[in-house]
Amino acid sequence: MSKVPVIEIFGPTIQGEGMVVGQKTMFVRTAGCDYSCSWCDSAFTWDGSGKHLIVQMTAGEIWSELKRLGGHGFSFVTISGGNPALYPNLEALIAILKENGIKIGVETQGSRWQNWMYDIDELTISPKPPSSGMTIDHSVLADILDKLKRGNRNHNISLKIVVFNQEDYDFAKQIHHRFPRIPFYLQVGNDDLTTIDNSRLINDLLEKYHALIGRVMKDDELKDVKVLPQLHALVWGNKRGV
Ligand SMILES: C[S@@+](CC[C@H](N)C(=O)[O-])C[C@H]1O[C@@H](n2cnc3c(N)ncnc32)[C@H](O)[C@@H]1O
Ligand SMILES: Nc1nc2[nH]cc(C(=O)O)c2c(=O)[nH]1
Ligand code: SF4
Ligand SMILES: [Mg+2]
C-alpha cells in the first residue's frame, strides 16, 4: 500500500481560515514543503525540527486515526501541510473519505498540481506574497486554476493571500485582478510565532486585522474580497494541534 508522510492528525476543531472558516473539521497535516516561507507558522513540517513526528501512513491507517480521534463527531476533514500537493497518493485517502460521506478541504500554495484536486470540496490556494521570500511561478498557478475551471466539477475553490505589508497587499491585488472570478480572501499575517503571551498576541493580531480592514475599505480597486484573521490564533494563540 502506498504511504504518505504525516506529521500530525488532530481535531475535531474549527477551520480557522478562509473559505470555510468556523467549519467543524478534523485535520491531517502532511510533512514536507517545496517552499520555505520566512514566516511559515508550520515550519516544523519541513525545517527538520519535527522530523521525529513524521509517520509514513497508508490511507487506511489515516482513516482509522481520524475515527479514533473524532469518533462519530465529524463530517469534514481538512488536509494541510507542508504542501499536501506533493503527494499523488493522497488519492487513496480522498477516495476513502468520499466513500464515507466526508467532505474534504485542502490547503495548498498553488505550486503543484495533483489530479485529486478535482475531488476536493473546498480547495484553498494560497500564493505566497513577497514577504515570504518565495518567488511564485505564475504559469503553474494559472495552469492549476485553468485545469480546475475546465474540470468544471461541483466544488469550491478560493484564493487566500496572507498580508504582512504594502508589497504583499499590492501582490494580492495583482493576483485578484488576474483571476477576478475566483473567490478572494485576505488573511492577516502573524509575525510572532513563538510567543506564549496570548493576550498580547491577540491584541496585536486584532490591531493588524483592524489596519487591514481599514486599508481594504478605502480601496476602490478591491471590492469583492473577504478579509479575515486566523480565527484559531485569536482563540488558541500559537498552540499546535488546534
Ligand atoms: C501552513 S500553510 C500549509 C498549506 C500550504 N503550504 C500553504 O501555504 O498554503 C496553511 C496556511 O497558513 C498560512 N500561513 C502560514 N504562516 C502564516 C502566518 N505566519 N500568518 C498567517 N498565515 C500563515 C499559509 O499562507 C496557508 O494559507
Ligand atoms: N484550526 C486551524 N485552522 C487552520 N486552517 C488552516 C490551518 C493550517 O495550518 O493549514 C489551520 C490550523 O492549523 N488550525
Ligand atoms: S508554502 Fe505553506 S507550509 Fe510551505 S513554507 Fe510556505 S506557509 Fe509553510
Ligand atoms: Mg496553520
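How many nonpolar, polar and charged residues does the lining of the largest pocket have? The lining has 17 nonpolar, 21 polar and 10 charged residues, where Ala, Val, Leu, Ile, Met, Phe, Trp, Tyr, Cys and Pro count as nonpolar, Asp, Glu, Lys and Arg as charged, and the others, Gly among them, as polar.

This is a predicted model, in which local features need pLDDT of at least 70 and side-chain atom pairs count only at pLDDT 80 or more, while totals for chains, interfaces and linings use all residues. Residues are numbered from 1 along each chain as its sequence is written, chains are lettered from A and ligands numbered from 1 in the order in which they are written, and side-chain values use heavy atoms, with hydrogens and water left out.

View 1. About 960 Å³ of space lies in the largest pocket. On a 1 Å grid over the protein atoms alone, a pocket is an open set of points with protein on both sides within 12 Å along at least five of seven lines, a cavity is a set of points where a 1.4 Å probe fits but cannot get out, and lining residues have an atom within 4 Å of a point. Grid points are joined across faces, edges and corners, and a volume is the space filled by probe spheres set on the points. The pocket is lined by 48 residues, and those closest to its centre are Glu-17, Arg-29, Asp-41, Ser-42 and Gln-230. Strand β1 (4-14) is among the elements that each supply at least two residues of this lining, and β1 gives the most, with 3 residues; helices (H or I, at least four residues) and strands (E, at least two) are DSSP runs, numbered from the N terminus.

**View 2. Ligand 1 and its shell.** Ligand 1 takes up space in the largest pocket, a molecule being placed there if more than half of its atoms lie within 2 Å of the grid points. It is surrounded by 22 residues, the closest being Trp-39, Gly-82, Gln-109, Lys-128 and Asn-190, where a residue is near a molecule if one of its heavy atoms lies within 4 Å of it. A backbone N or O atom of Gly-82 lies 2.9 Å from a nitrogen atom of ligand 1, and a polar side-chain atom of Gln-230 lies 3.3 Å from a nitrogen atom of the ligand. Taken alone, ligand 1 exposes 540 Å², of which the protein buries 96%, with accessible areas from the Shrake-Rupley method with a 1.4 Å probe. The shell around ligand 1 divides into 6 nonpolar, 11 polar and 5 charged residues.

**View 3. Ligand 3 and its shell.** The space taken by ligand 3 is also the largest pocket. Among the residues that surround ligand 3 are Cys-33, Cys-37, Cys-40 and Trp-46, and by class its shell has 5 nonpolar, 3 polar and 1 charged residues.

**View 4. The second largest pocket.** This pocket has a volume of about 280 Å³. Helix α3 (residues 138-151) gives the most to its lining, with 4 residues, and the lining, which includes Ala-142, Phe-179 and Pro-183, has 7 nonpolar, no polar and 4 charged residues.

**View 5. The largest cavity.** About 40 Å³ of space lies in the largest cavity, which is lined by residues including Val-188, Leu-205 and Gln-230. Its lining has 5 nonpolar, 3 polar and no charged residues.

Methods: A polar contact is a pair of N or O atoms within 3.5 Å; within protein, one must be able to donate a hydrogen and the other to accept it, and residues adjacent in sequence count only if both atoms are side-chain atoms.
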